[in-house]
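Please look through the structure below, then follow the explanation paragraph by paragraph. It starts with a sheet and goes on to charged side chains.

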Amino acid sequence: MIRQNQRFLTQIYVLSDLLCTLLMFLFSYWLKFGSGLMSHYNTLPLKNYLLWGTIYSFAAILIGFYVRFYAPRRRKSPSYDVLKIIQVHGLSFLGLLSILFISKEVHISREFLAIFIVANITGMIAYRYIVKSVLSRLRRKGFNKRYVLILGAGSVGRSFYNNLMQHPELGYEVIGFLDDFQTAHDQEHSHMKPIVGTIDDLDDTLDKFMIDEVIIALPLKAHKKYARIIDKCERTGVKTLIIPDFFDLLPARPFFDNFAGLPMINVRDIPLDELSNRLLKRVFDIGFSLIAIILTSPVMLAVWIGIKLTSPGPVLFKQERMGLDRRNFYMYKFRSMHVSDPSTADTQWTVENDPRRTWFGSFLRKTSIDELPQFFNVLVGHMSVVGPRPERPYFVEQFKEEIPKYMIKHHIRPGITGWAQTNGLRGDTSIEDRIDHDIFYIENWTFLFDIRIIVKTITNGFVNKNAY
């Protein structure tokens, strides 16, 4: 089996990154000054550009180490690499621009810099994706393995084993289990690797097998053994990971915080709790909603006229919904039903062939055009372009008692569209499935995830068979 030292692999990655940056630098220089495709004059010598390119390259490496870009990434997803590459080279590029400004260097081509940063990020993402794909294929074939020992053959240990077996591309192989209460698996779990001893046999097992990581999957009542287990593993240079016995209460990506000098598990780490992420999302919301209002203003004018001609009553329909931090707000839509008692609209679902709808309103709901006024809700800060759909307070009071984790959706602003809606969960569909998708979005938010949802909303079309 191929077993590489992590330090050596890190050095290979650093050299590969430098080589990729150099190739993209030379390509950008050729495209700007040597291809004849772009005009230029008073061109500085190549050595001047190489000087600034070298400064940029080493700044990127240093920033990469600082943000743990070169930490082991076997368990990281490809999207993690993409975000880290954009972060590292975005910061490096801003640093280079700052140095150029301070040194009053005005002869470096700005067009060259723009070509270089785009080409460099694109090239880096492409080569990292290729490397990751090749490694995944090698691991599926049995190469580059890492060996794991699981302490605890109970429900936690078995769940971990089953989940690990579903991801052969990670390249992990389980040596076996250690358990104090079982000597063999029951018939239902006979397919699993064997129980090779008790917890007291840990020393002998570490000496007998080449083990890279020990997974502690013991019940809470065994916590007194943790210190001794960790000490033994660290003495032999084996990594130790702990799966809490209450893991089913934790999110998929728990976050460790520090409070009053003590480590604490943050049960619900939300990326949008960070000010920088909230600011980025809010700026995007304002810009996107302004553009959407301008582009759809002819449509909204036509809808305004259509509603006035087909049904008496106001054009806009406002309804109380629960939003961020459980605060209520009024959400606006184009009216698609006959005017009725507000209490009826607040406490009743719309159903297929609902008699309250107007014929023009049916068209508006099917095409989602009735949702356009919600961009004004986004502008004033009640909603976001992307997020969990807001619900009426009357139904929130019911769902929070009936559906586990329902209220988590109110940790962020509600949205016009969301991860659940782009997966077909709209109208008369499972509330539980919607909440599962909403929680996944909340815990895994990134700016690129928002863009993906918006693109998917547009490409899927706005007509929905469940929109009554």
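In this predicted model, five strands form an open sheet in the order E3-E2-E1-E4-E5, and their pairing is parallel. At the edges are strand E3 (195–197) and strand E5 (239–242), each of which pairs on one side only. Neighbouring strands of the sheet are turned against each other by 30° on average, direction ignored.

Strands of a sheet pair through backbone hydrogen bonds, either parallel or antiparallel.

The next topic is charge. Side chains of opposite charge can pair when their charged atoms come close. With a cut-off of 4 Å between the nitrogen and the carboxyl oxygen, the model has 14 salt bridges.

One of them joins the side chains of Arg128 and Asp17, at 2.8 Å from N to O. Arg128 belongs to helix H4 (residues 110–140) and Asp17 to helix H1 (residues 6–34), so this pair ties together parts that are 111 residues apart in sequence. Are these two residues buried or exposed? Arg128 is buried, with a relative accessible area of 3%, and Asp17 also counts as buried, at 4%.

Another salt bridge links Asp370 and Lys333, whose closest N and O atoms are 3.6 Å apart. Asp370 sits in the loop between helix H10 (359–367) and helix H11 (374–380), while Lys333 is in strand E9 (residues 328–334), so the pair connects parts 37 residues apart in sequence. Asp370 is buried, with a relative accessible area of 1%. Lys333 counts as buried too, at 10%.

Arg389 forms a salt bridge with Glu371, and their closest N and O atoms are 3.2 Å apart. Because Arg389 lies in the loop between strand E10 (384–386) and helix H12 (393–402), and Glu371 in the loop between H10 and H11, this pair ties together parts that are 18 residues apart in sequence. Both Arg389 and Glu371 are buried.

Which residues do salt bridges link in a network? Lys333, Asp370, Glu371 and Arg389 are linked in this way.

Terms used
Residues numbered from 1 in each chain as written. Predicted model: local features only at pLDDT ≥ 70, side-chain atom pairs only at ≥ 80, totals over all residues. Heavy atoms only, no water. Helix = DSSP H or I, 4+ residues; strand = E, 2+ residues; numbered from the N terminus. Buried < 20%, exposed > 50% of the residue type's maximum accessible area, 1.4 Å probe, protein only. Pairing = 2+ DSSP bridges. Axes fitted to C-alpha atoms, helices over the stretch in contact; angles between N-to-C directions.
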